[in-house]
Amino acid sequence: MKSFSYTITDNMGLHAQPAGYLTKLAQSFPCRITIIQGSRRADAKKLFGVLGLGIKCRQEIILEAEGDQEDEAAAALREFLERNL
């Protein structure tokens, strides 16, 4: 399993448009990808699950990738977050 933490810097938090791109990117990998915020978890491949976390600016999230291509998935998702959020 690969995991990393990231603090959201976008003033709007993890809102609909970047969440849609994030879930689409997550869906391109065969491994299981989970977003954790506090005590709540969501499947990163499910848009409503990600939006349901209600992630705000300056909140820390943890992304976990487990399974085939977990290294590639973690690297791609980290790059996406750093560039967009």
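Cys57 counts as buried in this predicted model, because its relative accessibility is 18% and the cut-off for buried is under 20%. The residue is found in the loop between helix 2 (47-52) and strand 4. Leaving out residues up to four places away in sequence, Cys57 touches Ile8, Thr9, Asp10, Asn11 and Gly13. Between Cys57 and Phe80 there are 16 Å in space, C-alpha to C-alpha, for a separation of 23 residues in sequence. Another cysteine, Cys31, also counts as buried, with a relative accessibility of 1%. A disulfide is a covalent bond between the sulfur atoms of two cysteines; the structure holds 0 disulfides.

Although Met12 and Ile55 are 43 residues apart in sequence, their C-alpha atoms are 9.1 Å apart in space.

The sheet comes next. Strands of a sheet pair through backbone hydrogen bonds, either parallel or antiparallel. Here, 4 strands form an open sheet in the order 1-4-2-3, and the pairing is antiparallel. Strand 1 and strand 3 (40-43) are the edge strands, each pairing on one side only. From one strand to the next, the twist averages 20°. Helix 3 packs on this sheet, where it touches strand 1, strand 2 and strand 4, and its direction makes about 5° with that of strand 1.

Individual strand pairs can be followed residue by residue. Strand 2 and strand 4 run antiparallel and are joined by 5 bridges; in this pair, Thr34 stands opposite Glu64 of strand 4. Strand 2 also pairs with strand 3 in the antiparallel sense, over 4 bridges, and there Ile36 stands opposite Arg41 of strand 3. Strand 2 and strand 3 form a hairpin with 2 residues between them, and Gly38 in the turn has a positive phi of about 65°.

Helix 3 has 15 residues and reaches 21 Å from its first C-alpha to its last, close to the 21 Å expected at 1.5 Å a residue. An α-helix has 3.6 residues a turn, so residues three or four places apart point the same way. With that in mind, it is worth looking at the buried residues of helix 3, which are Glu70, Ala73, Ala74, Ala76, Leu77, Phe80 and Leu81. What covers them includes strand 1, helix 1, strand 2 and strand 4.

In soluble globular proteins, nonpolar side chains tend to be buried together. The largest nonpolar core in this model has 26 residues, and those with the most contacts inside it are Ile33, Ile35, Ile61, Leu63 and Leu81. Two or more residues each are given to this core by strand 1 (2-7), helix 1 (16-27), strand 2 (32-37), strand 4 (60-66) and helix 3 (70-84). Helix 3 supplies the largest share, 6 residues. Ile61 gives a local view of the packing: setting aside its neighbours within four places in sequence, Ile61 is in contact with Phe4, Ser5, Tyr6, Ile8, Ile35, Ile36, Gln37, Ile55 and Leu81.

Conventions. Residues numbered from 1 in each chain as written. Predicted model: local features only at pLDDT ≥ 70, side-chain atom pairs only at ≥ 80, totals over all residues. Heavy atoms only, no water. Core = buried A, V, L, I, M, F, W, Y, C linked by side-chain atoms within 4.5 Å. Buried < 20%, exposed > 50% of the residue type's maximum accessible area, 1.4 Å probe, protein only. Contact = heavy atoms within 4.5 Å. Expected span 1.5 Å × (residues − 1). Pairing = 2+ DSSP bridges. Axes fitted to C-alpha atoms, helices over the stretch in contact; angles between N-to-C directions. Disulfide = S-S within 2.5 Å.
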